[in-house]
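My notes follow in the order I worked.

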Amino acid sequence: MSESKIRFNKTTIDKLPLPAQGRRATWFDDEVKGLALRVTSAGAKSFYLVRWIENRAEWVRLGGYPAMTVEQARKAATKLNGEIANGRNPADVKREKRAEMTLREAFDTYLNRYAIPHGLKTIPAMRDMFDLYLGKLPDGDRKRHGRERTKPDGAVDWTNRKLSAIRREDVTKLHANLGITCGTYSSNRMLELLRAIFNRLKKMGLISLENPAAGVEKFREQKRDRFLQADEIPRFFAALSEVEGEATRDALLLLLLTGARRSNVLAMRWEDLDLTLGRWRIPSEHSKNGDVLVVPLTSATLEILKRRQQEASGEYVFPSDSKTGYITPPKGAWQRLLKRADLTGVRLHDLRRSLASWMVIEGASLVVTGGALGHKDPQSTAIYARLSVDPVKHAMEKAQSAILGLVEKADKREPANAESPA
């Protein structure tokens, strides 16, 4: 490698001879200390700042010529010389930049060092959300009907983007775009995931960056208050009786009568049930709030479970040959049920809300209702800890009696088109 000092300008640089094949030549600027131009035998030219720091030569690439002009190179070199004078090694900054986490690496770290060890229940949903909105869909990822999945409009692929390159304005734009194409709920969940990744890695001491998702205001979400009304319950049960598959019918009915979450009902295990004492113990690793949840089993629910005990074998109450070993959410059956019952705006989760609503209608306190549903309210935790399961069971019995009583009344009612006596 040959080295010479010349005055850098466009004319001089353009006339520089090329070195021999496979070799490189380096020229230094006679104006700015350490500013160098490296030329390859292929004709590529790049500006560098070359300084001797801590007993070794550090080469910091500034940019390629002619995209970077001589004046731009001199300004960049002068700035870095100032940092060196203040004791900072710009080569170390470059190395730190190269070693910085990408968003994909940060997400994997968040999962492996926090979410999985702490048993978070939303890990599958987080993975799917990251791939769909922030990362890259797995190769060959397909929907149930076989079509290849595609990312929605407004989503991004920040898989390889360095964390420091994700700015608040980028997150704000992404959040706004997803709000239009995917809805406010999905956009808000994406924002929460991104915020959690940065917050957790910072708390773990792995990054010192400001959180680009902090301060981005979430969309307002309208809380649902839909539950089965008195005139809808008879229609619901009539349509439920026509649902194909006894397991699906029983699962839907238990969603209503237990008020438990869909994931817990579908994955219900025999080992967690005590049909003699009438208790369903949902372990902490399977409950959303991370605490053991004891659900009282009333006479109506026990009747269903004892019948299933004679028909279902294995670990699960609702066994299936699926990957999980239990049945999947009956989305198709649910939509057909709603159509037959002429019900609009009702979701599976609204069955849980229906039991709670009828408990309150029948006089149960909010504390008792919260205990039945396993809600974790900091202001009521002490009360829940002392709460016996008996008043909860009593309140659930009353609510179920009210619900089932409406069905019995509808069955006994004279048909509207009955002929009058002659």
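I began with strand 7 (residues 279–282) and found that it pairs with strand 8 in the antiparallel sense, over four bridges. I looked up the residue facing tryptophan 280 and got valine 295 in strand 8. I note that this is a predicted model.

I read an open sheet of three strands in the order 6-7-8, with antiparallel pairing.

I then went to strand 3 (residues 35–40). Is this strand enclosed or open to the outside? I found five of its six residues buried, so strand 3 is largely enclosed by the rest of the structure.

I checked the partners of strand 3 in turn. With strand 2 (residues 24–29), I counted five bridges in the antiparallel sense. Phenylalanine 28 is placed opposite alanine 36 of strand 3. These two strands make a hairpin with five residues between them, and I noted a positive phi of about 85° at glycine 34 in the turn.

With strand 4 (residues 45–53), strand 3 is again antiparallel, joined by five bridges. I looked for the bridge partner of leucine 35 in strand 4 and found leucine 49. Strand 3 and strand 4 also form a hairpin, here with four residues between them. Glycine 43 in that turn has a positive phi of about 100°.

I turned to helix 13 (residues 349–361). I get 19 Å from the first C-alpha to the last over its 13 residues, close to the expected 18 Å. I listed its buried residues, among them Asp350, Arg352, Trp358 and Met359. Just after helix 13, I found glycine 363 with a positive phi of about 105°.

Last, I asked how many cavities of 30 Å³ or more a search of the whole structure finds. I got one. The largest cavity has a volume of about 40 Å³. Which residues line the largest cavity? I wrote down Leu255, Ala260, Arg261, Arg262, Leu348, His349, Leu351 and Arg352. I sorted this lining into four nonpolar residues, one polar and three charged. Helix 13 gives the largest share of the lining, three residues.

Technical notes: Residues are numbered from 1 along each chain as its sequence is written. This is a predicted model: local features need pLDDT of at least 70, side-chain atom pairs count only at pLDDT 80 or more; totals for chains, interfaces and linings use all residues. Side-chain values use heavy atoms; hydrogens and water are left out. The expected span of a helix is 1.5 Å times one less than its number of residues. Buried means under 20% relative accessible area, exposed over 50%, partly exposed in between (1.4 Å probe, protein chains only). Two strands pair if DSSP finds at least two bridges between them. On a 1 Å grid over the protein atoms alone, a cavity is a set of points where a 1.4 Å probe fits but cannot get out, and a pocket is an open set with protein on both sides within 12 Å along at least five of seven lines; lining residues have an atom within 4 Å of a point. Grid points are joined across faces, edges and corners, and a volume is the space filled by probe spheres set on the points. Ala, Val, Leu, Ile, Met, Phe, Trp, Tyr, Cys and Pro count as nonpolar, Asp, Glu, Lys and Arg as charged, and the others, Gly among them, as polar.
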